[in-house]
Amino acid sequence: MYSIRRSAALLAIIAAGVSLTASRDTFADAPSNLRSVEVESDKQQLTLEILDDKLLRFSIDAADGNDMPIPIDTTPMIVKRNYAGPLKFERDGDKLRTEAMKLRIGPDAKTLQFSSATANKPITLTFERNDSRCTITMNAASIQHLYGLGEQFITPGEPNGDWKGRTRIPGNEYGNRMIGFDDGTGAIGNAEFPVLFGLTEDGNGIALLLDDLYPHTWDFTNNDTWTIKSPSNELSGYIWIGDNPEALRQRLMSLTGRAPVPPKSAFGLWVSEYGFDDWAELDDKLKTLRDAKFPLDGFVLDLQWFGGITSESEDSQMGSLTWDLQKFPQPAAKIATLRDEHGLGVIVIEESYVSKNLPVYNAMAEQGFLVRDADGKAPAFMRSWWGAGGMVDWTHPQAGDYWHDNKRQPLIDAGIVGHWADLGEPEDFVAESTYHGFPEDGKTAHRDVANIFNFRWAESIARGYERNEVQQRPFIMTRSGTLGIQRFGTALWSGDIGSRLGQLSAHANVQLHMTMSGIDYFGADVGGFKRPALNGPLDELYTQWFAFGSMFDIPVRPHAANVDNQYETAPDRVGHLQSNLKSIRRRYEMVPYLYSLAHEAYRSGTPIVAPMMYAFPRDQRVREMGDQKMIGPALTAPVVARHEQRAVDVYLPKGAWVNLETGKWVKSAGEFQRRLPLYDGKLFSLPLFARAGAIVPMMHVDEKTMNVYGRRTDGTRRDELIVCVATSPDASHFTLYEDDGRTIAYQIGAVRTTQILQQRKSDHAEVIIEAAKGNYEGAQAKRAALIQLHDPFAERCHVVLHNGTRLPKVKSRKALEDTDHGWLSDRGRVIAKAPTLDVTKTRRFEFKFEKPE
């Protein structure tokens, strides 16, 4: 097992001589209120810890006559250490009961039954182990649908489906791996996040997390029983129950860690390709994007920035992480110019490989910082497309620190704002290698560390920022990982996906399961990395894909293999320009909403982009839906990924919804809106619906908008608070979060929050923007406000009041733009504008409606 540092409370218990476990079904109380039990047969022992009323931890191991350690050891995936214990605990023979859960354990150390306290059908786990593997057999009981387990592409063109009827297999015998997909036209990620969520008919659920770093096979093809196989001869994990997917996922985030808030720029557009050959190529992309009036937040540089690579050569520049000064001269000055004059950031790629003839190779080899050969003496040598040399041993903390301080920190000091950690499965490796690994447990082989390798890499970046007291937020793009990697500031993408809309559809299904695996920031190479895979019109593919990315991905990142400069990735050069412009401007308008959701994710573990089943767990129609998603609690949009598609069906769960494009309201009984048009002439856009009660803070975006921070080409500011509201008779509220967008100061309270409330009453609607609370460096002291009120009877609005003062009605949008206060009706909504006011003052808007005759 993987050792952790035990809590002080438990160490005190052990020191006091209190036995928390004993052989043969013996229970003991402890001051911490922890309850544990161990059952042993002649072949195996099963240990349980009741951590609270809804959560237990288990371990299955060989029977050796010795007590298992309490607490049960955990892997680095788990961050939570302290538990309150159950409020209620009862035992009647082999039956255990807490306030919320019923358990029953078999005397042979093989079976465990569990259910909620009110459920009639328990779930039974049967454990079988030998010297080479563990197997869990799980009965289906009342579980109808299954989610999570990370990233595995299933079927091209199929965005829908849960895990029931499928098999979750590792990428290779070690686990995480890039694999061929769709007849080899794509190379996509397979990364296991070993947590499974099951939903019952009424929307309640259970979760099973395997706290194990080895590859697992999860077979759900049998209707009645499912099997989980691990190549490990010992296995531990967690089981918990929840009232709904939200509660289940929040528990996962508590166990494995919640994602920090990314830099605000991560919510914008980042243009990438493999690769930019020099600054001149980047400048050319920037010029045409700005000429076409696109907002933009940065560029992502592939391996050309450090001089590229020479295949199979020991002289390759792979691992140098120093600028190619001939093609990228004066990097610090250039980065400063991009930042100060254009409002842009730069993210650079790094890999784990180090070519042999680089000075850093010997420096790291001498200290044992490179992965070693089977004898553990010399670096494990590889010869591949990137060069010839060794690999950084990220499982060695000192190796990660050395790399960060000597290679990565100078880049941070020069102004780069993010790290692209690529090939982290790892892509190339020597199977018979020796790692630092987990030396206390003798786990130092590749099989022991393969699935934690990229996790440790990301951890080294976050640790380096903290150790060096860098105030800038760490932001990491990576394509592999496991549970818990999100807590280091990572955004994952799905690998070298092919330029086929069928692969984008399959990605939409993966996104569903990645969200339920704890990943808030997940996307794809917009337009597809492998352009030769194209099997339809490129412009149509790119336009649809860019709309998808602008709606659902964080960040929005076009990317392609383009070493011969034969393809375009920037949205002004490929696809339908005006459609791309509309998609990305709508994205930028939504940034205050998305950024507030990121703060909620950091605080409570709620996702930003969620599957429909997360928001509507009792609605059977959405249980397998991956071709439509929720954006926060308020918005829903469909996935469109099919050539020649001109219209789309959108499912609206029971309730009132408004189409934000048309202003049309729908009172749905839980039904599809059929054949909604995707084109207005040649202009493509995805339908976007808001639930009644939705409150969506927005920013002003127009042809002068440069980035998410509101910088403008003419140097002016448009900092008014825009709030889109879909009225409802049920009162609702939303919290707007604001901070400096760049530093970790938000983690110590440098945040401003503003509560926004709405309610529709019989003859009027109220929108209240409460006084802002908190502050941060650079926060606005005053600002104007603009309300976009969607109401079924918007055309009947005849009076709008702001803090009791009547606003004048104006005749046109231009007239409203030219005044600092007023209102008008426009396409099913009322737009009301109020003058600048101190943010510490409450605003109350009242919209009065004439009664129908």
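**Reading a loop residue**

Mentor: Let us begin with Lys 293, which is placed in the loop between α3 and β20 (298–301). Helices (H or I, at least four residues) and strands (E, at least two) are DSSP runs, numbered from the N terminus. This is a predicted model: local features need pLDDT of at least 70, side-chain atom pairs count only at pLDDT 80 or more, and totals for chains, interfaces and linings use all residues. Residues are numbered from 1 along each chain as its sequence is written, and side-chain values use heavy atoms, with hydrogens and water left out.

Trainee: What is the phi of Lys 293?

Mentor: Most residues other than glycine have a negative phi, and most peptide bonds are trans. Lys 293 has a positive phi, near 70 degrees. Asn 803, in the loop between β48 (797–802) and β49 (805–806), also has a positive value, near 50 degrees.

Trainee: Is Lys 293 buried, partly exposed or exposed?

Mentor: Buried means under 20% relative accessible area, exposed over 50%, and partly exposed in between (1.4 Å probe, protein chains only). Lys 293 is partly exposed because its relative accessible area is 39%. Asn 803 has 38% and therefore counts as partly exposed.

Trainee: Which peptide bonds are cis?

Mentor: One joins Tyr 274 and Gly 275, with omega about -5 degrees; Gly 275 lies in the loop between β19 (270–273) and α3 (279–291). Another runs from Ile 554 to Pro 555, with omega near 0 degrees, and Pro 555 is in the loop between α10 (538–552) and α11 (577–589).

Trainee: How is a buried residue read?

Mentor: Trp 218, in strand β16 (residues 217–219), counts as buried because its relative accessibility is 0%. Contact means heavy atoms within 4.5 Å. Beyond its neighbours within four places in sequence, Trp 218 has contacts that include Leu 149, Arg 166, Glu 192 and Ile 228.

Trainee: What does the whole chain show?

Mentor: The protein chain has 14 helices and 52 strands, and buried residues make up 62% of its 853 residues.

Trainee: What is the mean pLDDT of the protein chain?

Mentor: The term pLDDT is the predictor's confidence in each residue, from 0 to 100. The mean is 94, and 95% of the residues reach 70 or more. Over residues 1–31, however, pLDDT stays under 50.
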